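Here's a quick briefing to read with the model open beside you. Take a look at the fold before going through the points.

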Amino acid sequence: LKLMRDGVIRSMAEITDAGISRMTVKRAVEAEKLIRFNRGHYVSAEIELPANLSLASISKSIDGVICLGSAAQMHELGDEDPASIWIAVDRTAYGRSQHRSIHDPHQIVFWQGNYLTVGVEIRLIAGVQVKVTNPARTVVDLLNARRSLGEDVGPKALMDYLKSGQPMSELWSIAENLGVQDDLVPFFRVAEEFREGMTPAPRAS
């Protein structure tokens, strides 16, 4: 289907609105020319598919923020390979009916207030605007959730964050905005010492 060759994930409604029948879509799936994600989301199988396509698909179904292990995997922080997609939703607006048709395994996290906006960026994947926590916010979240996710997950992500040359100042700022800075001070102090150790000593004249 020429319509689908741009690599954009489209719903059945979007495809039929373009004048393509449901039967044509069904036959294209059977012929392995289209890939079906979740219920009613399709993408061309005849092009090179972008990375993180499952995140685009779930973001088309749920208005949420990709976070924790899934965000860490996207940013290559630590060695996370989560079995489920982690997505945070607005506690006050989310309804369980939103995710009943989603095939991809996913883990819902409930956030509210500035947790939904601080350190959140938008990535365009397969034509879908995917909200995801940025690297610094992801590190802060993993450290803050260490009691449920495991004590080593956050520190590993923190070390990779530092090795990539990203600023400590953003970690401090995000932790302060979320009100979790006091709990994370020990980790940040160690990280600052590690960062100082990474800085080459000045050459003697």
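This is a predicted model: local features need pLDDT of at least 70, side-chain atom pairs count only at pLDDT 80 or more; totals for chains, interfaces and linings use all residues.

Residues are numbered from 1 along each chain as its sequence is written, and side-chain values use heavy atoms, with hydrogens and water left out.

**Overall**
- The protein has nine helices and eight strands, taken as DSSP runs numbered from the N terminus (helices are H or I with at least four residues, strands E with at least two).
- Of its 205 residues, 42% count as buried (under 20% relative accessible area; exposed is over 50%, partly exposed in between, with a 1.4 Å probe and protein chains only).
- Among contacts (heavy atoms within 4.5 Å) with a separation of 6 or more, 57% come from residues 24 or more positions apart.

**H5 against H8**
- Helix H5 (residues 135-144) and helix H8 (residues 168-178) have axes that come within 9 Å and cross at roughly 60°; axes are lines fitted to C-alpha atoms, for helices over the stretch in contact, and angles run from 0 to 180 degrees between N-to-C directions.
- That angle makes H5 oblique to H8 (under 35 degrees is roughly parallel, over 145 roughly antiparallel, 65 to 115 roughly perpendicular, the rest oblique).
- On the H5 side, Ala136, Arg137, Val139, Val140 and Asp141 meet Glu170, Leu171, Ile174, Ala175 and Leu178 in H8.
- Sorted by class, this contact has seven nonpolar, no polar and three charged residues (Ala, Val, Leu, Ile, Met, Phe, Trp, Tyr, Cys and Pro are nonpolar, Asp, Glu, Lys and Arg charged, the others, Gly among them, polar).

**H4 against H5**
- H5 also meets helix H4 (residues 68-75): Leu68, Gly69, Ala71, Ala72 and His75 in H4 touch Pro135, Thr138, Asp141 and Leu142 in H5.
- By class, that's five nonpolar, three polar and one charged.
- The H4 and H5 axes come within 9 Å and cross at roughly 140°, so these helices are oblique to each other too.

**H7**
- In helix H7 (residues 153-163), the buried residues are Val153, Gly154, Ala157, Leu158, Tyr161 and Leu162.
- They sit on the same side of H7, because they cover an arc of only 160° around the axis, judged by the directions from the helix axis to the C-beta atoms.
- Gly165 follows H7 and has a positive phi, near 85°.

**Ala45**
- Ala45 lies in the loop between strand S3 (41-44) and helix H3 (53-61).
- Its relative accessibility is 32%, so Ala45 counts as partly exposed.
- Leaving out residues up to four places away in sequence, Ala45 touches Glu32, Lys33, Leu34 and Ile35.
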